[in-house]
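Try each task on your own before you read its solution.

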Amino acid sequence: MEPDERVLGPHEEPTPISADPQDIVKPRVRRTHLSLFVRDPEASAKWYEDVLGMEVTARGPQWVFLSFGKKHHDIALIRAEEGAATGGLGLQHYGLEVEGDLDEWRRLYGMLLAKDVPVVKTTDHKIGFGLYFTDPDGNRFEFFHETVTDDEEGKRILGLYGAPSDPMEIEPLRG
């Protein structure tokens, strides 16, 4: 037992937690990054530079940091332990909302195919379209083209349709 701890008596209630909403602290996320285990950070970094257009911003013997160009790092690639399995439990996917119109999104689809990047699926989420693909270590990413830009309307639609991920056929654009 810690010096400042005490054991509650048999009929003594613990101190209640305030239900006042002003007492609830919520994080206000300003920016994020993703850290992934990979077999070979240097080899993976080349893929991220080529396919996602990222730039290496820092590196060490066991890791590489990459950026989309607006901050010091968006993705960190960390060397996994020898023999680590790909896929399985952990990250399901990392969504990357892309700028541009639907044709730009379709050009990204064409680029992935041209670079022999494994495309997992294309989906209609009712608030936008998802194009899912994997990196060389099996980490799944999504290029997301948003069609509903009002967040409250997006929440309503996701609730109404149960966070849909309906398969869709769409023609990739080349070049």
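**Exercise 1.** In this predicted model, find which backbone oxygen lies 2.8 Å from a polar atom of the side chain of His125, and then work out which side chains His125 joins in polar contacts.

*Solution.* 
- Step 1: The backbone oxygen belongs to Pro164, and it lies 2.8 Å from a polar atom of the His125 side chain.
- Step 2: Now look at Glu142, whose side chain makes a polar contact of 3.2 Å with that of His125.
- Step 3: Finally, the side chain of Thr123 has a polar contact of 3.0 Å with the His125 side chain.

**Exercise 2.** Where does His125 lie, and is His125 buried or exposed?

*Solution.* 
- Step 1: Follow the chain to the loop between strand S6 (119-124) and strand S7 (128-134); His125 is found there.
- Step 2: The relative accessible area of His125 is 10%. Buried means under 20%, so His125 is buried.
- Step 3: Compare Thr123, which sits in strand S6. Its relative accessibility is 1%, so Thr123 counts as buried too.

**Exercise 3.** Decide whether the aromatic pair of Phe133 and Phe141 is stacked or edge-to-face.

*Solution.* 
- Step 1: The ring centres of Phe133 and Phe141 are 6.0 Å apart, with 20° between the planes.
- Step 2: Planes under 30 degrees apart count as stacked, and the pair of Phe133 and Phe141 is therefore stacked.
- Step 3: Check burial: Phe133 has a relative accessible area of 0% and is buried, and Phe141, at 0%, counts as buried.
- Step 4: Ring pairs link Phe133 and Phe141 into a cluster whose members include Trp47 and Tyr94.

Note on methods:
Residues are numbered from 1 along each chain as its sequence is written. This is a predicted model: local features need pLDDT of at least 70, side-chain atom pairs count only at pLDDT 80 or more; totals for chains, interfaces and linings use all residues. Side-chain values use heavy atoms; hydrogens and water are left out. Helices (H or I, at least four residues) and strands (E, at least two) are DSSP runs, numbered from the N terminus. Buried means under 20% relative accessible area, exposed over 50%, partly exposed in between (1.4 Å probe, protein chains only). A polar contact is a pair of N or O atoms within 3.5 Å; within protein, one must be able to donate a hydrogen and the other to accept it, and residues adjacent in sequence count only if both atoms are side-chain atoms. Rings of Phe, Tyr and Trp (its six-membered ring) pair if their centres lie within 6.5 Å; planes under 30 degrees apart count as stacked, over 60 as edge-to-face and the rest as tilted.
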